[in-house]
Amino acid sequence: MAYQQKLAEKLTILNDRGTGVLLRMNYIKKTCLDPKLRPQYLTDKTMEASVKYINKKFPNIDFRGNSQYLVGIQKHKSEVMAAMSSYYDSFIDVMEFRDHVYELLNTIDACQCFFNIAVNFDFTKNYLELIITYISVIVMLSRVEDKKVLVGMYNCAHEMSNGSRWGQLLIREFKLEWKQSSLKMIGVTEALLSLQMLYPRRNLPAEQWRSAQLLSLLSAPASMLDPACCDTMACEYLSLEVMERWILLGYLLCHSSLNTNQSSQELWKMALRSGLYLTIIRDETINIHKITEDYFDGLKGYNIDNYVCCHMYVSGAMHRERRGFLRNALKELVKVLEDEPGLLGPKVLFVFMALSFSRDEVLWLVRYSENIPKTKTPEDYVDSYMAELLFYMERLRTLMTKYSRVVQRYHVQYLAQFDALLLNDTMQNMYVCPEEESVLMTSFVSTLSALTINVSRCLCCLMLQAYTSVSKAPLSLKEYPDLAKVMNMTQFHTKMLDNVQEMLHETSDLSILCFYPRVFEKMFSQSSEEVSMQRYLMSFPLACSHFNQTVHPLCPEETEAVEKRSLRLCVTFLEEIAKQTSSVILEICSEQCNLNDQLLPKHCGQTISAARNKKQKKQTLKKGDVQREKPGTESQRKDRAIVTNMDKLHLTLTELCSSFSGSSDFTVFNHIVTPAEFLTSHLETRLTKIIVRMAHYNQTTQEIGRPSDLLAGIRAYTASLHTLSRYLSLDVTRLVKNVLLQQTQPLDSYGGQTITTLYTNWYLEGLLRQASSNLIVHCPAMHCFVNQTIENEQSFRAEEYSDISEMQALAELIGPYGLKFLSENLMWHITSQVGELKKLVIENMDVLVQMRANFDKPEVMANLQKRLPGENVLKRMTIIGVILSFRAMAQDTLEDIMQKHCPYLMGPIENLRDMVSPDTDIKVTLTVFELASAAGLTCDIDPALVAAVASMRTDNSSVDEEYKLTCLLLVYIAVSLPILALDPNSYYSRHYGGHHNNIHCLATAVNQLSAAMFTVESKNIEQHLKEFLLVASSTLLQLGQNVENRVDGKNRDSIYLLLHMIVEASPFLSQDMLESCFPYVLLRNAYREVYKNYIITLG
C-alpha cells in the first residue's frame, strides 16, 4: 500500500535534516576561512607537513609507508581525533543524507507519483524542496576547501589510535559529482511544468499589479467583507525566489525536457531573465548563468546560446518599480487593517501575499547589492526607501500577532459552516469513493464541524496528498481536482488556527539580513539620510528580531555567533537612531536656551538706555552701528512658506520620535530591547557634557560662568526637554534628575569632571585665593565678596559670583552633595593652615606659656611680645576665617534652597537640632549637627570642621599635647591682635560691614576652630573662650593706654570692634562676659569714631 511507504513523513524529516546538514556545511566553510575560528591543527606549524601530504595524496593515504609526514598527527592523535570528530561526523551526515534522498526518490519514482503544485501543493512543494536542498548541500560541500584535510587527518588519527580502517568508507565515497547525482533524480519535469501557470502570473511588472489593484481592499468596497478565496490559495503566497530556485536548478537535473518540451524551455528562460544569481543558503550564492554554461558545455545536442542568451537582461528596473508599488500597497493595507482589524479574518490571504511579495523584493535587493552587474543604471540596485517597506512588513506581522484571536474566531466559524459543508458536498458528487477513503473524508468533515477556538486540530493534508498521488491509489487525487482544491483551501484555513506564527515565518522571515551586515548597514545609512524615511528607521532593529529563526538544532555551534551579530546590528542601529534624535533634541534645546538668554536681566541695560535716550531725544546709535533686535522678532514672519531652522529641526524630531513610538520593546535572542532607553542613555551622556561646557570653565585663565547663568541655561534645556512628551513616551523627569544628580558628585558616571568639581576648583583657586591676599574682601553687610579697589585688575567682579542670588544658584546646581564636596575641599585647606599654626605654636611655646601665665602683667607682656612674631599667625587665621565665612554663606543659601524644595523635611531637622543641649552626649550631638549641617542649618559646632581636625591627629600625638597646643594657639591669637593696628588696611568700613583686610573673619575663625578643636579633645569650649577673651581684652586695653605711640592707635577703634565681633559670632560667649573684662564705653566710642566720617546720602 502507498501509505506504508510513509512518503509524507520521509519528505518532512529529510527536508528538515537536509536544512541542518546544509547549515553544517556552511558553518564548516565559514569556520575554515576565518583565521580566528580555523581549527588549530590546520594552522599549527608542526602539522604543516602532514597537511600538505594529505592534500596531495587524498584519498590514497599511506598511513605506514610515509610515516615521516604524519609525525605531527602521531604525537597528538587523541587531540586530533577530538578536534576533527565534529567535522568528520558532519561529512558522514552528508553521505547518509545522500543515501536517504536517493532511496526516497527511487521509491517515489517506483510509485509513479503525480505532482502538480495546484493540486497536491504540499506534496509537490516538499518534493521540489528536497531536491533543491540536496543540490545545495552538494554545492556547499564542494566549497569546503579543507574537506580533504579534515577527513584525512581524522582517518589518520583514527587508524593510529584504533588500528582499523573504519574511516576508509567515507574516503572512497567522498567525491560527489554533480552530473552523477543528477542522473539519480528523475520525474522532476512534471512538478516543474505545474509552475507554468503560477510562475508567469506571479512574475509580473508593477504596472500590471497596479492596473489589477493587487492587494487593495478599497478597490471593491462592496466586496470588502467577502472572504479572499481562490483555487490555489497556498500558491498565492509562495515565494517567487523559491520558485526560481526550483526551476533553474530543477531543469539542470531534467535537462532533456528543455529540448523536447517548449513549455519547459519558455519557463526556464523566463526564470533566467530574473537575474544572475541564486541563493544556496544565507549569503552563499551561485552564478546560475555561469553554471548553466559550464554544465551544458559538456553535453552534446545542446545549443548553449539558446538557453543563456537572455542573461544580459537583468530586471533591476522592474524590481525597483515593484518595491515602489509594494510600499504604497502595504501602507494602504496597514491603515485599513489598523482601523478595522476585523478584516483580518476574511482578508488574511492578502496579508500573507503582501508579506511574501515584499520579502521577495527585499531578498532580491540584498542579493544583488553584493553582486551588482554591469549596467548603465546602478541606482536600480540602491533603495533609500527600504525602511518604509520593512516598517510596513513589521506592522503587518504585529497586527497578525495582536489580533490572532480575531483570525482564529473567524476561521473556526468558516471551517465549520463553509469548508465542512463544501467538503461534504464534494464527497457526495464523487462517482467513486472507496470505503476506507470515505471513512477518512467523513472523519475530516466531522472534525471540521466540531472545531472550537480552544480545541483546534490542524489537518495534515500532506499525508493525504502523498497517499492519493501514487499511481495505483484507490482514490486518485489527479482525477478529482475539485476535491484537491477544497482540501488545499481547508488546509490554509486550518493553519490560521494554530500555525499563524509559522506562516509569518514562511512569508516574512528576513533573517538573511543577518548574513549581509554590510548591505544591511548601508540600507540603514541611506534611509537615515532621507528625512521622510526617518520615522521608519526602527524597522531595521526590529528586523533583527527575526534572526533567531535562522539557527538549527543540527548546528548549535553557530548560535552564539549569530546571537552576537544580531545584537551588535540591533544595538548599532538603535545607537545611531538615538544619536540622531538626541542631536536634534539638544540642538532645539540650544536654540531655546539662546532665546531664553536674550530675556535675562543682564541684557536689559541696552534697552533701558535706548528708551532713556529716546525720551531725552538723544542720538541712540552711532554711524555704522546696527540696531539690536528685540527678543521675539524671530517668531514674526510674513510668509508661512518661509521655513526656519527651528521648523526643520521640529520636523526632523517629529519623524525620528515617530520611529520610537512604533515599538516600546521587542526581543532579540531572548534579550528584551527597549529603544527608548537608548535615547535616554544618549541624552543623559550628551546633556552631562553640555552642562559642563555651559559652565565655560577655563583652567588657564581661571574663568567660569556665573552660577545663575548656568542655572538659567539648565532650566531652559529642561523646559525644552519636557516638550518631548508631545512626541513620545519618555520619562524626562528621571532623565534630568539622573543628569543633575551626577553633577552633584565630583565625577560623573563616565569619570568626567562635573560642575561641582569645576566650581569647587574655581572658588578655591579663583575667589578665595585672592581673598586670602586681600585683593577681595568679604562683605558681611551685603553677604558677598567684593573687589578691594578698581585699580586691582581682576578678571572678574567678586560680587557677581558670591552674592546671595549667585550662591543660591550654586546651591541649586550642586545641591547638598556638591556643597559637601566643596566643604571637604575647604576643610582640607583649613587643616593645612592649622598644621602650620601648630608649628608656630611649637616654635614659640616657651614664650606663649609665660604670656598665658602673666597676661595681666603689662610690663612682662610688653617684653614677651617683642620676642613673639604675630603677623604669620594672624594671617593664617584670617585665611581660615575667610574660608569659613565663605562656607557659612554657602550653608545659608543651601538652607534657603532646602526650605524652598522640601520644607516638610526641614521642620523636623530644625526641631531635632534645637533639642540638642550642652548635656547631650557629644557623639549624639555631632550626629544631629551633621544632619543639620547637610541641610544647610547653622550649628554651634561645625561637624565637618570637627572631622577635619580629628583627622589631623596621629598615633604619636597625645591628647594632653594637643590640648596644650590648642590653648596656647588661642593665647597666641589673643596677644597678637594689637599688631593689626599697625596695618593701614585694618580700618572698619561701614559700607562693607567689616575690615578692608578681612580681619573681621577672625571672629568666625576663632569661634568655629576653637569649638572644633576643644570638641575633639573633649574639653569645655566656653571656659577656654572666656580665657581667650580675658587675654585679648588685656592686650587691647594695653593698646589703648599707649598714648605716646600714635602709630599703634591708628586703627585702634577698628580693632576694638573685632573683639565685639568675636563675642557676637560666638554661641558660647555673651555681652556680659565681654563687659566684665572690657569696658563697653570703649566699644561705644569706637563705633562712633568709625561711623562719624561716613557720608550718609538721603534720597
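User: I'm looking at D383. Which residue does D383 form a salt bridge with, and how far apart are the closest N and O atoms?

Analyst: A salt bridge here means a side-chain nitrogen of Lys or Arg within 4 Å of a carboxyl oxygen of Asp or Glu. D383 makes one with R327, and the closest N and O atoms are 3.3 Å apart. The pair joins distant parts of the chain: R327 sits in helix 19 (residues 316–339), while D383 is in the loop between helix 20 (348–369) and helix 21 (386–402), 56 residues apart. Helices (H or I, at least four residues) and strands (E, at least two) are DSSP runs, numbered from the N terminus.

Before we go on, this is a predicted model: local features need pLDDT of at least 70 and side-chain atom pairs count only at pLDDT 80 or more, while totals for chains, interfaces and linings use all residues. Residues are numbered from 1 along each chain as its sequence is written, and side-chain values use heavy atoms, leaving out hydrogens and water.

User: Are D383 and R327 buried or exposed?

Analyst: Buried means under 20% relative accessible area, exposed over 50%, and partly exposed in between (1.4 Å probe, protein chains only). Both D383 and R327 are buried. Now try R913 and D914, which form a salt bridge with the closest N and O atoms 3.3 Å apart. R913 is partly exposed because its relative accessible area is 21%, and D914 is exposed because its value is 53%.

User: How many salt bridges does a search of the whole structure find?

Analyst: The search finds 37. One of them links E1022 and K1026, at 3.5 Å between the closest N and O atoms. Those two lie in helix 46 (residues 1021–1041), 4 residues apart, which is about one turn of the helix. Salt bridges can also link up: K29, K30, R143, D283 and E284 form a network.

User: Which residue stands opposite I281 in strand 2?

Analyst: That's E284, which also belongs to the salt-bridge network. Two strands pair if DSSP finds at least two bridges between them. Strand 1 (residues 277–281) and strand 2 (residues 284–287) pair in the antiparallel sense over 4 bridges. Their hairpin has 2 residues between the strands, and R282 takes a positive phi near 55 degrees there.

User: Why does the 32 Å between the end C-alpha atoms of helix 6 agree with its 22 residues?

Analyst: The expected span of a helix is 1.5 Å times one less than its number of residues. For helix 6 (residues 121–142) that gives 32 Å, so the distance between its end C-alpha atoms agrees. Helix 6 is also mostly covered, with 20 of its 22 residues buried.

User: What lines the second largest pocket?

Analyst: On a 1 Å grid over the protein atoms alone, a pocket is an open set of points where a 1.4 Å probe fits, with protein on both sides within 12 Å along at least five of seven lines; lining residues have an atom within 4 Å of a point. This one is lined by 46 residues, with I814, G815, P816, Y817 and L894 nearest its centre. Helix 37 gives the largest share of the lining, 14 residues.

User: How many nonpolar, polar and charged residues are in that lining?

Analyst: Ala, Val, Leu, Ile, Met, Phe, Trp, Tyr, Cys and Pro count as nonpolar, Asp, Glu, Lys and Arg as charged, and the others, Gly among them, as polar. The lining of the second largest pocket has 29 nonpolar, 10 polar and 7 charged residues.
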